Amino acid sequence: MRHFPPRRIVCLTEETVETLYLLGEQDRIVGVSGYAVRPPQVRREKPRVSAFVSADIPKILALEPDLVLAFSDLQAGIVADLVRAGIDVHVFNQRDIAGILTMIRTLGALVDAAGRAEDLAKSFERRLVAIAATPRPSPRPKVYFEEWDDPLISGIGWVSELIEIAGGADAFPELRHRQAAKERIVSAEAVREAAPDVILASWCGKKVVPARIRQREGWSKIPAVRDDRIVEIKSPIILQPGPAALTEGLDAIVSALWG
């Protein structure tokens with residue numbers, strides 16, 4: 001990087017945006033993902049330079065960033081273009097809660113705010129422990145989390161872990177460590193056989209339609225459908241691997257299971 005700590009940062013996903021705001025380092029951000037909505041003021045304060053798998057490379061270069069923050073192999077094409085243009089890029093790849101906490105600590109170190117990042121990460125850790133220790137009735141409700149509806153895709157690692165912390169049991173825990181969405185495809189028959197007590201759905205940016213879930217062949221006998229326990233969780237609070245999932249996302253799961 002030309003400067004340390006970096007004075008001008010572009011964030012291509014929303015979780016690094018929220019983390020920098022929580023660290024009080026938002027003035028370093030000069031460009032964000034179009035999906036960044038947390039905190040609310042980011043929409044009016046920061047220019048938008050990317051979607052998720054595409055970006056306006058000339059616009060990013062015009063911002064003269066010292067550092068661009070990206071996420072996962074899904075943004076590899078954007079990253080390659082930026083690297084070829086001589087831009088410093090850090091790509092995070094967190095897929096579970098431990099990875100989210102490490103992202104917070106790493107990002108803090110990158111902006112010379114390691115102490116504040118450690119405090120933030122520890123505050124989340126304490127919160128997770130406290131919620132996990134909350135007494136809940138037995139047995140644990142079985143939960144099917146639907147990340148996409150066609151094909152059916154079950155929840156990624158951190159979502160599975162949050163379900164357990166909230167007092168539920170993931171219907172497909174064996175898929176937790178599969179990073180790619182295509183590796184977490186499940187059949188309608190498998191969901192019927194799993195017989196979840198609760199269905200949580202977050203269709204990655206589009207509105208969940210519970211009626212379509214209820215109308216799937218043979219699903220009327222699933223306890224969650226029979227008992228009308230189909231709950232949408234908004235994508236920005238559960239499908240980004242950052243502070244939102246550990247706070248509002250987890251709270252939404254707790255509310256769906258026990259509220």
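Visitor: Across which strands does helix α4 lie, and at about what angle does it run to β5?

Guide: In this predicted model, helix α4, residues 76–84, lies across β4 (67–71) and β5. Its direction is at about 160 degrees to that of β5. Helix α5 (residues 97–110) also packs on the sheet, where it touches β4 and β5, and its direction makes about 165 degrees with that of β5. Angles here run from 0 to 180 degrees between N-to-C directions.

Visitor: In what order do the strands of the open sheet stand?

Guide: The order of the 5 strands is β3-β2-β1-β4-β5, and their pairing is parallel. The edge strands are β3 (48–50) and β5 (89–92).

Visitor: What makes β3 and β5 edge strands?

Guide: Each of them pairs on one side only. Between neighbouring strands of this sheet the average turn is 25 degrees, direction ignored.

Visitor: How do you know that β1 and β2 are paired?

Guide: Two strands pair if there are at least two bridges between them. Strand β1 (residues 9–11) is joined to strand β2 (residues 29–33) by 3 bridges, therefore the two count as paired, and they run parallel.

Visitor: Which strands pair with β6 in the parallel sense, and over how many bridges?

Guide: Strand β8 (residues 169–170) pairs with β6 in the parallel sense over 2 bridges, and strand β9 (residues 198–201) is joined to β6 by 4 bridges, also running parallel. Towards β8, lysine 142 has alanine 169 as its bridge partner. Towards β9, tyrosine 144 stands opposite isoleucine 199, and glutamate 146 has alanine 201 as its bridge partner.

Visitor: Is the pairing of β6 with β7 parallel or antiparallel?

Guide: Strand β7 (residues 152–154) runs antiparallel to β6, with 3 bridges joining the two. Glutamate 146 stands opposite serine 154 there.

Visitor: Why is β6 called largely enclosed?

Guide: A residue is buried when its relative accessible area is under 20%. Of the 8 residues of β6, 6 are buried, so the strand is largely enclosed by the rest of the structure.

Visitor: What makes both faces of β9 count as covered?

Guide: In a regular strand, side chains alternate between the two faces of the sheet. In β9, Val198 and Leu200 lie on one side, Ile199 and Ala201 on the other, and all are buried. Strand β9 also pairs in the parallel sense with strand β10 (residues 230–232), over 3 bridges. Isoleucine 199 stands opposite isoleucine 230 of β10.

Visitor: Why is threonine 247 called buried?

Guide: Its relative accessible area is 18%. The limit for a buried residue is under 20%, so threonine 247 falls within that class. Threonine 247 is placed in helix α12 (residues 243–258). Leaving aside residues up to four places away in sequence, threonine 247 touches Arg38, Phe124 and Arg127.

Visitor: Why is aspartate 112 called exposed?

Guide: Exposed means over 50% relative accessible area. Aspartate 112 has 52%, so it is exposed. Aspartate 112 belongs to the loop between α5 and α6, and its phi is near 60 degrees, a positive value in a residue other than glycine. Glutamate 64 is not a glycine either, and it has a positive phi of about 50 degrees. Glutamate 64 lies in the loop between α3 (57–62) and β4.

Visitor: What is the omega of the cis peptide bond from arginine 38 to proline 39?

Guide: Omega is near -10 degrees for this bond. Proline 39 is in the loop between β2 and α2 (42–45). The bond from serine 138 to proline 139 is also cis, with omega near -5 degrees. Proline 139 lies in the loop between α6 (114–132) and β6.

Visitor: Which residues lie nearest the centre of the largest pocket?

Guide: They are Phe52, Glu147, Cys204, Gly205 and Leu239, out of a lining of 33 residues. The pocket has a volume of about 920 Å³. The elements α1 (14–22), β6 (142–149) and α11 (235–238) each give two or more residues to the lining. By class, the lining has 15 nonpolar, 6 polar and 12 charged residues.

Note on methods. Residues are numbered from 1 along each chain as its sequence is written. This is a predicted model: local features need pLDDT of at least 70, side-chain atom pairs count only at pLDDT 80 or more; totals for chains, interfaces and linings use all residues. Side-chain values use heavy atoms; hydrogens and water are left out. Contact means heavy atoms within 4.5 Å. On a 1 Å grid over the protein atoms alone, a cavity is a set of points where a 1.4 Å probe fits but cannot get out, and a pocket is an open set with protein on both sides within 12 Å along at least five of seven lines; lining residues have an atom within 4 Å of a point. Grid points are joined across faces, edges and corners, and a volume is the space filled by probe spheres set on the points. Ala, Val, Leu, Ile, Met, Phe, Trp, Tyr, Cys and Pro count as nonpolar, Asp, Glu, Lys and Arg as charged, and the others, Gly among them, as polar. Buried means under 20% relative accessible area, exposed over 50%, partly exposed in between (1.4 Å probe, protein chains only).
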